[in-house]
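This report describes selected features of one protein model.

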Amino acid sequence: MLSLSLGPFALPVGPVLLLVASVLASLVAEWVARNRAKHAAVDGPDGVRNDAEPAPAAAPAPRRIAAGDAITASVLLGLLAARLGHLALNWHAYADSPASVIDIRDGGWNLPIGVVAGLAWLLRLGWRTPTQRPALAAGAVVGLVIWGMGLQMQQRAAPVGYPEVTLVSLKDGQPATLAQAARGRPVVVNLWASWCGPCRVEMPDLAEAQRRHPDIGFLFVNQGESAEKVQAFLARSGLALDEVWLDQGSRLGQAIRSPGLPTTVFLDAQGRQVDAHFGVLSAASLQTRVEALRRVSKR
């Protein structure tokens, strides 16, 4: 599942999953920290209740970041590191459009780098403040488990092979399955509609990519509109697109479990999903994904 439909709106599943995991991780870390502080106030240093005259108050300890806030900070730091890592590894794709480095809607993240950076920051904090180690560890474990389970469920929900849908060619009106339209090539399948603003934003970049990468198929699958409406839109926009297909029942969006638009799916020559993205793709992010698709298809 790539997107969640909330009435007229659609939300990407990935960020929602990360938000839920980070919030729960912060709550768990804060709960553990408060319980340990409560026990420390009642029990002596050896864990035995001490009802004797209390010792003189010690000098106040230096202010430290709360456990829940530390988890949130580690997530934000991880996201920053994941973005910078992706940009560093794919700098050539962003060289022609430097402004796109701040457009995080393109889904350009290096998750392993982000996870390592976030955990490294928590380890450093735990090393400096031993009393916080249990809370930080509990929060990190809960967050990683929830996030990892969500990602695994999302991967299992992805279709295996070409979805069983029949499309109609805008060019000649002939029907074809998605597998027949792919013709044994690695393909980029873009689900779009003329009323979708983000679809119109990314369409010129997709058209240019289709021109630049003739070895990879680009299938523009319109969702739910008539041939006349699609032809009028293409004529009005001046876009020269090949391989435009109609899916008037929007069955392909249902098959890949992404009701929102635009959705772009990257399939290898056997129809296996290599990557998928809900939302606007920048030219740079599209380039990195096409290169990854080409590498996988050559194996």
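Helices (H or I, at least four residues) and strands (E, at least two) are DSSP runs, numbered from the N terminus. The model is predicted, so that local features need pLDDT of at least 70 and side-chain atom pairs count only at pLDDT 80 or more, whereas totals for chains, interfaces and linings use all residues. Residues are numbered from 1 along each chain as its sequence is written, and side-chain values use heavy atoms, with hydrogens and water left out.

## Salt bridges

A salt bridge is counted where a side-chain nitrogen of Lys or Arg lies within 4 Å of a carboxyl oxygen of Asp or Glu. Side chains of opposite charge can pair when their charged atoms come close. The whole structure contains 10 salt bridges under this criterion. Three of them are listed below.

| D106 | R83 | 2.9 Å |

For accessibility, buried means under 20% relative accessible area, exposed means over 50%, and partly exposed lies in between (1.4 Å probe, protein chains only).

The side chains of D106 and R83 meet in a salt bridge. This pair links distant parts of the chain: D106 belongs to the loop between α3 (91-94) and α4 (111-128), and R83 to helix α2 (residues 67-89), 23 residues apart. Both D106 and R83 are buried.

R211 is exposed, at 57% relative accessible area.

R289 counts as buried because its relative accessibility is 10%, while D275, at 26%, is partly exposed.

Strand β6 (residues 217-223) is mostly covered, with seven of its seven residues buried. In a regular strand the side chains alternate between the two faces of the sheet. On one side of β6 are G217, L219, V221 and Q223, on the other F218, F220 and N222, and all are buried.

Two strands are taken to pair if DSSP finds at least two bridges between them. β5 and β6 pair in the parallel sense over six bridges, and V221 in β6 is the bridge partner of L191. A crossover is right-handed if, with the strands pointing away from the viewer, the path from the first strand over the helix to the second runs clockwise. β5, helix α7 (residues 197-212) and β6 make a right-handed β-α-β unit. The chain then crosses from β6 through helix α8 (residues 227-237) to β7, and this β-α-β crossover is also right-handed.

β6 and strand β7 (residues 244-247) run parallel and are joined by four bridges. Within this pairing, Q223 stands opposite D247 and V221 opposite W245. In β7, V244 and L246 point one way, W245 and D247 the other, and all are buried. Strand β3 (residues 166-169) runs antiparallel to β7, with two bridges between them; S169 stands opposite W245.

## The cavity

On a 1 Å grid over the protein atoms alone, a cavity is a set of points where a 1.4 Å probe fits but cannot get out, and lining residues have an atom within 4 Å of a point. Grid points are joined across faces, edges and corners, and a volume is the space filled by probe spheres set on the points.

The structure holds one cavity of 30 Å³ or more. The largest cavity has a volume of about 70 Å³, and its lining includes L178, L191, L252, I256 and Q273. β5 (187-192) and β8 (263-267) each supply at least two lining residues.

By class, the lining has nine nonpolar, three polar and no charged residues. Ala, Val, Leu, Ile, Met, Phe, Trp, Tyr, Cys and Pro count as nonpolar, Asp, Glu, Lys and Arg as charged, and the others, Gly among them, as polar.

Technical notes: 1 Å grid on protein atoms, 1.4 Å probe; cavity = no way out; pocket = protein on both sides within 12 Å on 5 of 7 lines; lining within 4 Å.
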